[in-house]
Amino acid sequence: DIEEVWFKGPDKNDLQGWILKPPGFDPSKTYPSILQIHGGPLAQYGNLLMHEFRYLSAQGYVVYFTNPRGSLGYGEEHSKATSNKWGTVDYPDVIAWNDYIQKLPYIDPERMGVTGGSYGGYLTNWIIGHTDRFKAAVTQRSVSNLLDFYGATDGNWIWEEVFGGRKPWDDFETYWRQSPIKYFGNAKTPTLVIHSEQDMRCPMTQSEQVFVALKRQGVDTEFLIFPGESHGLSRGGRTDRRIVRLNAIREWFDRYLK
């Protein structure tokens, strides 16, 4: 069963979310849960089948997801809210969603996980650098260091438009302030890092930095690398590798949430 929810964000902004409940759901029991964060950020969740969400829900997890500011579908002000402000309004919105879910009587607040890919991986990285409320994380095809990202991604210099129209060597602080790796001195969340070798959108060096930083911080982490795969592994990768990926995500969450 899936439930649609409208709730208030931290600035009294209206936000839409969905809660996917596992088969045989019993409201008198408590369940582990997984927050899913979409990429983009100019993208959106909607009324369509997400096989990954169904798979994780079938393993006994409540899966919940929302469209924070920066997402498409709710007007120009909502979409442009993260322009040169990554991590500032999107993060509070997903935390407000987590707060909402955490208060539900069937949710175990001690068994909550978070995952996302691409920009969702960026926000997952941001989350583990700013809070330890989640007991496990899986960051996928992520962005961690915007200074290193510039020029290495297939988007190249176009990212200047997102970050105030200035090059990183002209405005180091703007890029560094919005880089999750800056805050990894606070990271404590056990985190699985997943990346594809042929990812041109988010180069694998982004995840290598996450893995090394977590190792140096003494945080539980593993690094799963897929050879020959691209940024779109989860949707268009080789079938056996897509299965390996799904099982790895499930096994990581089972280890820390079950």
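Begin by selecting serine 118, which sits in the loop between β5 (107–117) and α4 (119–130), where helices (H or I, at least four residues) and strands (E, at least two) are DSSP runs numbered from the N terminus. The model is a predicted one, in which local features need pLDDT of at least 70 and side-chain atom pairs count only at pLDDT 80 or more, while totals for chains, interfaces and linings use all residues. Residues are numbered from 1 along each chain as its sequence is written, and side-chain values use heavy atoms, with hydrogens and water left out.

At serine 118, phi is near 65 degrees, a positive value in a residue other than glycine. Serine 118 is also buried, with a relative accessible area of 13%; buried means under 20%, exposed over 50% and partly exposed in between, with a 1.4 Å probe and protein chains only.

Next, select arginine 141, in the loop between β6 (136–140) and α5 (146–149), whose phi is positive at about 35 degrees although the residue is not a glycine. Arginine 141 is buried, at a relative accessible area of 15%.

Then move to the peptide bond from glycine 40 to proline 41, which is cis with omega near 5 degrees; proline 41 lies in the loop between β3 (31–37) and α1 (51–58). As background, most residues other than glycine have a negative phi, and most peptide bonds are trans.

Finally, show the aromatic side chains: the structure holds 26 aromatic pairs. The ring centres of tryptophan 86 and tyrosine 122 are 4.9 Å apart with planes at 75 degrees, so this pair is edge-to-face. Rings of Phe, Tyr and Trp (its six-membered ring) pair if their centres lie within 6.5 Å, with planes under 30 degrees apart counted as stacked, over 60 as edge-to-face and the rest as tilted. Both tryptophan 86 and tyrosine 122 are buried, and both belong to a cluster linked by ring pairs, whose members include Trp126 and Phe163.
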